[in-house]
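Let me put the model up, and then I'll walk you through the side chains I keep coming back to.

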Amino acid sequence: DVVRMNILEGMSLPRAWREYKGLTQAQVAEKLGISQPAMAQMERPDANLRKKTLKKLADVLGITFGQLTM
């Protein structure tokens, strides 16, 4: 499902994983200690996220770092 959302629907991997897990941007943002608009920026397909940020996001989503960087 995540691959389909990423490739066929053009979603970024952070967004695809968040939606697959059934979480809202606000829920993930709260766990990361950021605002919902900041989370929306992170989910843009052209976002260039730092490795540290991706690791934190993976932890919050309960996935591995590699699953966010396929």
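So, start with Glu 43: it is buried, at a relative accessible area of 5%. By buried I mean under 20% relative accessible area, with exposed being over 50% and partly exposed in between, using a 1.4 Å probe and protein chains only. Before I go on, a word on the numbers: this is a predicted model, so local features need pLDDT of at least 70 and side-chain atom pairs count only at pLDDT 80 or more, while totals for chains, interfaces and linings use all residues. Residues are numbered from 1 along each chain as its sequence is written, and side-chain values use heavy atoms, with hydrogens and water left out.

Back to Glu 43. You'll find Glu 43 in the loop between helix H4 (36–42) and helix H5 (51–61); helices here are DSSP runs of H or I, at least four residues, strands are E runs of at least two, and both are numbered from the N terminus. What does Glu 43 touch, leaving aside neighbours within four places in sequence? Ser 12, Pro 14, Arg 15, Arg 18 and Gln 25, where a contact is heavy atoms within 4.5 Å.

Arg 18 is the one to look at. Glu 43 and Arg 18 make a salt bridge, with the closest N and O atoms 2.4 Å apart. Arg 18 sits in helix H2 and Glu 43 in the H4–H5 loop, so the pair ties together parts that are 25 residues apart in sequence. Arg 18 is buried as well, at 8% relative accessible area. The rule for a salt bridge is a side-chain nitrogen of Lys or Arg within 4 Å of a carboxyl oxygen of Asp or Glu.

Now widen the view a bit. Arg 15, Arg 18, Glu 19 and Glu 43 are linked in a network of salt bridges. Within it, Glu 19 and Arg 15 meet at 2.8 Å, N to O. Those two are 4 residues apart in helix H2, which means about one helical turn between them. Glu 19 is partly exposed at 31%, and Arg 15 is partly exposed at 33%.

How many salt bridges does the structure hold? The count is 5. Another of them joins Glu 9 to Arg 4, with the closest N and O atoms 2.4 Å apart. Glu 9 comes out partly exposed at 46%, and so does Arg 4, at 38%.

Next, the rings. There is 1 aromatic pair, and it is Trp 17 with Tyr 20: edge-to-face, 5.7 Å centre to centre, 90 degrees between the planes. To pair, rings of Phe, Tyr and Trp (its six-membered ring) need centres within 6.5 Å; planes under 30 degrees apart are stacked, over 60 edge-to-face, and the rest tilted. Both residues lie in helix H2 (residues 13–20), 3 residues apart, about one turn. Trp 17 is buried at 11%, whereas Tyr 20 is partly exposed at 46%.

Last stop, the surface. Val 3, Ile 7, Leu 8 and Met 70 form a nonpolar patch, about 470 Å² of accessible area together. Patch members have over 30% relative accessible area and no salt bridge; like charges are joined within 9 Å, nonpolar side chains (Val, Leu, Ile, Met, Phe, Trp, Tyr) within 5 Å. The areas are Shrake-Rupley with a 1.4 Å probe, and for residues only the protein chains shown count as cover. Ile 7, in helix H1 (residues 2–7), is exposed at 59%.
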